[in-house]
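Let's take a friendly walk through a protein model together. Have a look at the sequence and the structure, and then read on.

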Amino acid sequence: MCRWICRGLKLSPAALDLSGADGYRVSLTSLPHCVSGGGARRLTRLRLDSVLLQRDFRDLLGPGGLPVLEDLEIINAVLMSKIWWIGSDTLTSLTFVNAYCHSTTSGCSVRIAAPRLASLRLEFPLVRLATISFKMTSDAQACLAQASIRILDQTYQEDDVGEREPDDNEDKMRDLCSLIDSLSSVTSLHLSGFQETKQLLLRQVLDEANPWRLTPVPSFPNLTSLVLEDCDVGNNLRTLWLFLRSTPAIKRLALNSCGFFLSDSLAGHHRNASDVQITHASRHIPVLVNYAAMAAAAAPSRSVTKEVLPPALGAVSEPPPLFDGTTRLYICYICPFAQRAWVTRNCKGLQDEIKLVAINLEDKPAWYKDKVYPQGTVPSLEHNGKVTGESLDLMKYIDSNFQGPALLPQDPAKRQFADELIGYADAFTKALYAPLISKVDMSDEAGNSSY
């Protein structure tokens, strides 16, 4: 095998992909010798899958070893040496997936010191942290822009001798906390697989009150994008919002298939919050959420009283005093369109200024259409002696005519983009909601749909 590799390197390839097959790992004992003969002078991309990395292979990953290497992928490899330095002067992208340490007694240490490293991807079962530790030097941290850490499901292999989950997770968790802390300079961070089934909730890594943490959670001043995938975030997302307080530049948060429980305790924490929109894709359902309403939930200095919601008014209910100077928002609790105006009111912190009037749409009072809003739909807003409706119009009206944090950007280009997103969300909601309330058989239409 190595003879054929050396022959291939004589052609001075720009990319080299070496992979084992059928559970067989390739030993690269002669690769350093082949490289020393000048065969790697053009090699910019190296992918190693299911290989045995011997001690002498370490020199290739150091300064000057592979003179123009930019992209390195090490997948399902066995590390035969205890200490590994990845310090290539030209390396910009590094991927380490499911590596295995041959020494199960003292373990292996991977030191990442590449000064131009811009992208880092690490994937491993949590149990591997008992035998492999990842450390980043300050030189490698300085240029790093994108980082991804995925905790894989544990699948034991035949050569995983002695590698079993220890009773004490303390050392592993400390190593993982230290690794994430070393990523504090990145602009994009992707965390995946932090699940309760693996005894690894996200709060155990991001919560500085965790006893496993030796140092506080650092600030992530450059972080603009945070993606959490297949993670158990925890109750009320409080740990996440506490962490977001250390990310002043954050613009996007994606929650993909994340488990969490969002209770009513988040309601009302809206005032004086940043106007940043987050994209929330929990359970693969795209929804636009206002970051301001949730990030402020982590603020411990605020005292919030849970709003007591009024009962829904039906056909026999008396109308409220109309046009008496009180601002009223007429809604139905379960109507998604009315919820838009309701959430806008709450995000602005207007619970005391705009009174809720709930309408039972299944037993709608006649006075609502006759005396309040001729269209008879919700939401509608009674303000300054007149009543206006339409949910999207009301969102903008409330944002523009009442005190509180601005919910829409002032920059014209950003405002246009926000309007486009809101329009898309409106079309999506109507398409999703219409069949649920329609009394017409939609099966034929669904069958002829082009989607």
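The report below starts with the whole chain and then visits a sheet, a loop residue, some ring pairs and a pocket.

**The whole chain**

This is a predicted model, in which local features need pLDDT of at least 70 and side-chain atom pairs count only at pLDDT 80 or more, while totals for chains, interfaces and linings use all residues. Residues are numbered from 1 along each chain as its sequence is written, and side-chain values use heavy atoms, with hydrogens and water left out.

The protein has 12 helices and 24 strands; helices (H or I, at least four residues) and strands (E, at least two) are DSSP runs, numbered from the N terminus. Of its 451 residues, 47% count as buried. Buried means under 20% relative accessible area, exposed means over 50%, and partly exposed is in between, using a 1.4 Å probe and protein chains only. Among contacts (heavy atoms within 4.5 Å) between residues at least 6 apart in sequence, 75% join residues at least 24 apart.

**A sheet of four strands**

Now find the open sheet of 4 strands with the order S22-S21-S23-S24 and mixed pairing. Strand S22 (355-358) and strand S24 (386-389) stand at the edges with a single partner strand each, so one side of each has no neighbour in the sheet. From one strand to the next, the twist averages 25 degrees. Two strands pair if DSSP finds at least two bridges between them. Strands of a sheet pair through backbone hydrogen bonds, in a parallel or an antiparallel way.

S21 and S22 are parallel and share 4 bridges, with Arg328 opposite Lys355 in S22. Strand S23 (residues 380-383) and S24 are antiparallel, also over 4 bridges, and Glu382 stands opposite Val387 in S24. S23 and S24 form a hairpin with 2 residues between them, and Asn384 in the turn has a positive phi of about 55 degrees.

In a regular strand the side chains alternate between the two faces of the sheet. S24 has Val387 and Gly389 on a covered face, and Lys386 and Thr388 on an uncovered one. Helix H8 (residues 336-347) lies across S21 and S22 and runs at about 145 degrees to S21. Such axes are lines fitted to C-alpha atoms, for helices over the stretch in contact, and angles run from 0 to 180 degrees between N-to-C directions.

**Leu322 in its loop**

Leu322 sits in the loop between helix H7 (291-295) and strand S21 (328-331). Its relative accessibility is 24%, so Leu322 counts as partly exposed. Which residues is Leu322 in contact with, leaving aside its neighbours within four places in sequence? They are Arg328, Tyr330, Lys371, Val372 and Glu382. Leu322 and Gly385 are 63 residues apart in sequence, and their C-alpha atoms are 9.0 Å apart in space.

**Parallel strands elsewhere**

Strand S13 (residues 146-152) and strand S14 (residues 188-192) run parallel and are joined by 5 bridges, and Ile149 stands opposite Leu191 in S14. S14 also pairs with strand S15 (residues 225-229) in the parallel sense over 5 bridges, where Leu189 stands opposite Leu226 in S15.

**Rings that pair**

Rings of Phe, Tyr and Trp (its six-membered ring) pair if their centres lie within 6.5 Å; planes under 30 degrees apart count as stacked, over 60 as edge-to-face and the rest as tilted. By this rule the count is 4 aromatic pairs.

Phe96 is buried at 4% relative accessibility, and Phe134 is buried with a relative accessible area of 8%. Ring pairs link Phe96, Phe124 and Phe134 into a cluster. Tyr330 in strand S21 and Tyr368 in helix H9 (residues 366-372) are also 38 residues apart. Tyr330 is buried at 0% relative accessibility, and Tyr368 is buried with a relative accessible area of 0%.

**A pocket to finish**

The second largest pocket holds about 470 Å³ of space. On a 1 Å grid over the protein atoms alone, a cavity is a set of points where a 1.4 Å probe fits but cannot get out, and a pocket is an open set with protein on both sides within 12 Å along at least five of seven lines; lining residues have an atom within 4 Å of a point. Grid points are joined across faces, edges and corners, and a volume is the space filled by probe spheres set on the points.

Of the 19 residues that line the second largest pocket, Cys335, Phe337, Leu361, Thr377 and Val378 are the closest to its centre. H8, helix H10 (391-401) and helix H11 (412-437) each give two or more residues to this lining, and H11 gives the most, with 4 residues.
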